[in-house]
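Here is a friendly walk through one protein model, with a few spots to look at along the way. Please have the viewer open as you read.

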Amino acid sequence: MNYHPDIKLLLKYSNGQLEPALSIAVGLHHHQCNKCQLNIADIESIAGDSLEYSNDVELADNSFDKLMGELEGAEPNKFINSSCESINSASNNADLHYTQLAVAQSDLSLVRKLDNQDFEDTKWKKITKKISQSEVFLSNKSFKVELLKFKPNAKIPKHTHKGNEFTLVVQGNFKDRYGEYKRGEFIQMNQANEHQPTAGEEGCICLAITDKPLRFTGFLGPVINWMSR
């Protein structure tokens with residue numbers, strides 16, 4: 001995999017501090033990604049060592065920055081031998097994996113659906129001839145969460161973002177000006193990114209998480225923005 005959550009998201013995920021929507025997306029990526037499994041093992045090992053020697057001393061204002069520096073400077077293979085066994089056992093135990101996510105019990109059915117790629121009972125609303133949407137209602141309201149299904153070679157109109165957009169590829173693949181994204185990969189975009197995603201030859205299903213609406217910028221952008229108010 002080439003596209004992953006950044007180190008700050010992984011740190012919050014490992015500490016159970018992510019909002020449910022992001023916890024689901026990062027957790028499902030982590031479940032499939034050996035690199036992020038090892039990165040989280042590094043985070044937990046370094047954090048554990050820090051706590052062991054803290055002696056209940058009050059944390060300094062720069063503690064977070066220091067921890068980030070330790071993580072970025074850690075040797076890539078330092079913790080591999082000690083962590084691989086636990087990673088493999090956890091990856092083979094779906095129930096354990098689900099309980100590690102900071103989500104309400106009522107949201108676990110969505111996690112299982114995404115992990116198993118089971119969309120038989122999903123109710124899709126057609127947006128265009130080639131794009132369908134299914135809104136996801138989670139126990140938190142911080143984000144708009146939806147499943148997007150694209151037929152082969154479908155294109156989303158060119159757009160940028162008023163806030164942050166997090167995307168987990170659940171099935172198939174898509175590409176844009178920045179790269180090609182395959183199943184399990186985690187993509188983050190913001191106001192600095194303008195793109196026109198295009199689904200692959202087999203189509204694509206994505207979990208899309210946004211904290212603010214998209215802003216369409218192509219030739220028909222003003223019309224689409226007006227219609228989507």
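Let's start with Gln 117, which counts as partly exposed because its relative accessibility is 25%; here, buried means under 20% relative accessible area, exposed over 50%, and partly exposed in between, using a 1.4 Å probe and protein chains only. Gln 117 lies in the loop between α7 and β1 (125-126), and its phi is positive, about 55 degrees, although the residue is not a glycine. For background, most residues other than glycine have a negative phi.

A word on the source: this is a predicted model, in which local features need pLDDT of at least 70, side-chain atom pairs count only at pLDDT 80 or more, and totals for chains, interfaces and linings use all residues. Residues are numbered from 1 along each chain as its sequence is written, and side-chain values use heavy atoms, with hydrogens and water left out.

Helices (H or I, at least four residues) and strands (E, at least two) are DSSP runs, numbered from the N terminus.

How many salt bridges does the structure hold? There is one, where a salt bridge is a side-chain nitrogen of Lys or Arg within 4 Å of a carboxyl oxygen of Asp or Glu. The partners are Lys 113 and Asp 121, at 2.6 Å from N to O. Lys 113 counts as buried because its relative accessibility is 19%, whereas Asp 121, at 57%, counts as exposed.

## The loop between β3 and β4

Asn 153 also has a positive phi, near 65 degrees, and is not a glycine. Asn 153 sits in the loop between β3 and β4 and is partly exposed, with a relative accessible area of 37%.

Lys 151 is found in the loop between β3 (144-150) and β4 (159-161). At 46% relative accessibility, Lys 151 counts as partly exposed.

Is Thr 210 buried or exposed? Thr 210 belongs to strand β8 (residues 198-210) and counts as buried, since its relative accessibility is 11%. Leaving aside residues up to four places away in sequence, Thr 210 touches Phe 143, Lys 144, Asn 164 and Glu 165, with contact meaning heavy atoms within 4.5 Å.
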